[in-house]
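Please read the points below alongside the sequence and the model.

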Amino acid sequence: MMLSHVSSELRPVVEELTRRFHGRLGTCVAPRSNEIYFHAPLDLVSGCCAHLYRNWNARLVTVFADDARAEAGVFHLYYVLALDAAHGFLILRAPVPPETPEFPSLANAFPGVNWQEREVQDLFGLKLIGHPNPRRCALHDDWPEVYPLRKDFDLKTVLPPFQGERHKFRKVEGEGVFQVPVGPVHAGIIEPGHFLFSVAGEPVLYLQLRLFYVHKGTEKLFEHLPIAHGVRLAESISGDSSFAHATAFCHAVERAAGVDAPPRGRVLRSVCLELERLHNHIADIGAICTDVAFVTANMHALRLKEKILRVNEHLTGNRLLRGQACLGGVRFDWDASQLKVLAGLVAELRPEFAALVQLVERSSSTLDRLQTTGILKPGVARDLGVVGIAGRASGFDHDLRRDFPHAAYDQVKVKVPVYQAGDVRHRLRVRVDEVRESLSLIEQFIAKLPGGPVHAAVGEVPADRAALGYVEGWRGEIFHWIRTAPDNRLARCKIKDPSLQNWPALSEAILGNIVPDFPVVNKSFNLSYSGTDR
Amino acid sequence: MLGILGKSLSTGIVTTSYPATPPDVSAHVRGRPEIDWANWKDARPAAAICPTGAIAYQDAKGQRVARLDLAQCVFCGLCADVDPAIRMTHDCECAARRRADLVAAAGYRLKPDGTHERLTSPPAGTPACRGEASAAPPPSVEALGRQIKRRAGRIFGRSLHIREVDAGSCNGCEIEIVGLNGPVYDVERFGIHFVASPRHADLLLVTGPVTRNMELALKKTYDATPAPRLVLAVGACGCSGGIFGVNYATRGAVDTVIPVDVYIPGCPPNPYALLHGILTAIGRLRPEHGC
Ligand code: SF4
């Protein structure tokens with residue numbers, strides 16, 4: 001392997017790892033300086049991940065499979081490890097022969113991959129060995145034995161009506177213990193999912209989550225669309241993160257094609273990501289207030305959100321920034337009058353947002369409900385690999401914008417708020433700090449907006465290239481991993497929304513809290529069901 | 001407390017007067033696409049670039065039938081980028097009572113190279129959008145706004161209760177629906193309330209391609225809603241399955257699972273489009289609904 005292709009920061013890790021496992025690790029390829037692949041045997045994966053975790057503080061950010069039986073005669077498992085300090089990714093690829101379709105679980109050592117491993121088991125029919133809870137996850141219990149992400153399963157398969165139980169919940173027993181089932185259709189205007197609370201009196205003893213109600217076959221669908229159409233599909237993975245998901249997808253394709261977005265396009269990308277962050281954070285601040293009955297604050301928040309959505313529409317033609325993402329940059333450039341509107345928004349939001357925050361901060365009854373509610377302890381957050389807002393409110397000092405600068409984030413200094421308390425109050429605080437930072441970032445971006453085109457041509461992408469795209473969305477880190485196929489199509493698109501990582505943390509944060517506080521705790525995480533279920 | 005009051009007073013009224021006044025949208029907004037059928041030279045480039053299949057065609061014996069289906073359209077504008085006969089309008093209020101009203105199809109005689117020689121049959125049912133000529137023009141939005149108080153008053157005791165059901169959406173539609181409850185669109189000024197249970201609802205606002213996993217929940221929600229009830233399919237996915245279509249995990253359009261009274265296209269429909277759809281639905285209440 002040519003170590004010269006590896007970034008200087010990752011090189012020591014790669015060298016040490018190769019030494020440590022002397023030659024057993026298999027081929028190492030470095031398609032990009034911060035994205036290094038090891039073709040490792042399956043039995044080495046767990047030791048390798050543990051080693052990287054212990055010695056290099058690596059995070060196992062996603063585990064997924066790829067049906068490469070046609071090309072390589074095996075399934076491939078991928079383990080993506082982020083080395084935040086070295087600003088790079090190490091990816092282990094391990095073969096699973098179709099004759100013995102099974103793989104060892106890492107969930108005991110890395111609880112954060114618990115659901116992801118089960119998803120592999122459900123969608124690829126690869127059996128988990130040694131998993132603490134190997135029940136179905138992505139497919140509900142009433143589904144027949146099908147493995148939708150195998151290549152020999154047809155996307156358009158019509159499955160017979162489902163029968164039987166959706167999900168067998170664990171029993172919680174004891175004197176005075178009640179079960180409270182909620183969902184999938186909820187009381188508010190939110191996405192569907194099922195929560196089963198086990199309570200003794202008011203406090204919650206145990207919360208079981210049942211998701212994947214909005215599983216739409218999205219990853220499979222990507223394999224059936226031309227790459228360009230994939231951008232539009234990516235916008236519909238999670239509506240609140242339309243631009244972030246589409247951009248992560250474009251980023252992956254651009255990396256596979258070896259094309260860089262032009263400077264102006266990268267800046268506009270960053271501005272759009274900040275606009276998305278702004279409207280979601282402000283809406284969340286309002287919604288958190290509503291859940292503790294401070295509706296007036298929410299009305300002001302909705303008013304501000306509306307201002308942002310209107311500017312989005314003025315800049316991109318769509319209030320959720322849809323249609324703006326494109327391969328190679330962004331689709332629409334902004335003229336002077338549009339930029340003036342954007343600058344006007346920032347100027348207007350500054351005092352307006354300060355007033356909103358003041359309204360909340362001065363309401364002692366609101367703060368009383370938020371403080372010490374739904375605590376996620378830093379140790380638990382770290383074990384679960386919690387990312388994004390929830391991670392930062394529980395001591396995890398991390399943000400891809402700073403640690404893996406994409407788009408134009410290498411040109412600014414992103415301040416990352418980090419708190420240790422991990423309660424609803426501090427998840428709100430992270431949002432407040434980030435709104436202020438977003439406003440300042442947008443200002444910095446427009447102040448030094450370079451000229452030139454906003455997108456580069458991305459021609460035909462060569463087949464059988466793998467690439468990881470990443471974006472820090474407003475909720476947390478988003479990954480899209482692709483493997484290309486001939487004729488500008490994809491053989492695989494793996495989507496990792498931060499929600500998938502963070503859901504289990506909600507079950508931890510709610511323990512010991514009272515059921516009436518669940519809505520506000522849930523809102524403080526505000527995870528995407530669609531992003532999780534895909 | 002005084003601070004809260006002060007803030008409200010200093011903010012003043014921000015509520016739109018829609019539908020008395022037209023939607024206040026940007027000059028850059030992308031509404032529904034419009035095809036200049038008579039001068040359309042070739043349906044193929046637009047069909048190839050359209051991500052959802054909203055523009056599609058079928059050729060047989062030197063003839064082509066080309067169509068635009070607003071129920072599938074996500075208003076992305078890609079077709080207008082490649083085809084001079086297509087332009088993106090600012091019109092977002094596209095709600096229709098019949099699925100077929102959202103489809104416009106035209107016939108062409110083809111040249112040997114596959115381009116259109118001439119229009120042989122102009123679109124019969126043009127999309128039932130505002131400002132469009134159609135067989136029975138829908139009442140203007142203003143008129144609908146006046147009707148709503150009268151009809152809703154008669155049938156629902158001056159209040160209409162809506163239950164929102166996400167049957168598989170990406171949550172984009174939900175972002176805009178939440179906006180209806182905000183101070184700018186303020187749906188309560190019409191006596192319309194969002195309620196927590198289908199048992200309290202007169203109208204179901206359903207989003208998403210209906211996933212296999214939500215199919216049963218949607219049916220149960222529908223059954224739990226007392227008659228007379230109305231169902232609105234929201235967004236490209238709710239109207240047609242959208243970009244997701246029908247696959248192993250989704251059933252596609254809402255009307256494959258429960259009967260739909262009004263379709264609201266868009267991706268997502270903006271709050272004006274949603275209001276327009278809800279007003280359209282109430283205008284539709286006739287004796288066949290048991291009232
Ligand atoms: S605007 Fe509608 S018809 Fe045109 S390309 Fe987009 S989805 Fe297709």
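The notes below take up a sheet, a helix and a domain boundary.

1. This is a predicted model, in which local features need pLDDT of at least 70, side-chain atom pairs count only at pLDDT 80 or more, and totals for chains, interfaces and linings use all residues. Residues are numbered from 1 along each chain as its sequence is written, and chains are lettered from A in the order in which they are written.

2. Strands pair if DSSP finds at least two bridges between them.

3. Strand E5 (residues 103–110) of chain B pairs with E6(B) over four bridges in the antiparallel sense. B:Tyr108 has B:Leu119 in E6(B) as its bridge partner.

4. Helix H7 (residues 242–257) of chain A has 16 residues, which at 1.5 Å a residue should span 22 Å; this agrees with its end C-alpha atoms, 22 Å apart. The expected span is 1.5 Å times one less than the number of residues. Of the 16 residues of H7(A), 15 are buried (under 20% relative accessible area, 1.4 Å probe, protein chains only). A:Gly258, which follows H7(A), has a positive phi near 70°.

5. Chain B is divided into domain 1 (33–91 + 102–129) and domain 2 (141–289), with bounds from an automatic or database domain assignment. Nine residues of domain 1 of chain B contact eight of domain 2 of chain B (heavy atoms within 4.5 Å).

Conventions:
Heavy atoms only, no water. Helix = DSSP H or I, 4+ residues; strand = E, 2+ residues; numbered from the N terminus. Buried < 20%, exposed > 50% of the residue type's maximum accessible area, 1.4 Å probe, protein only.
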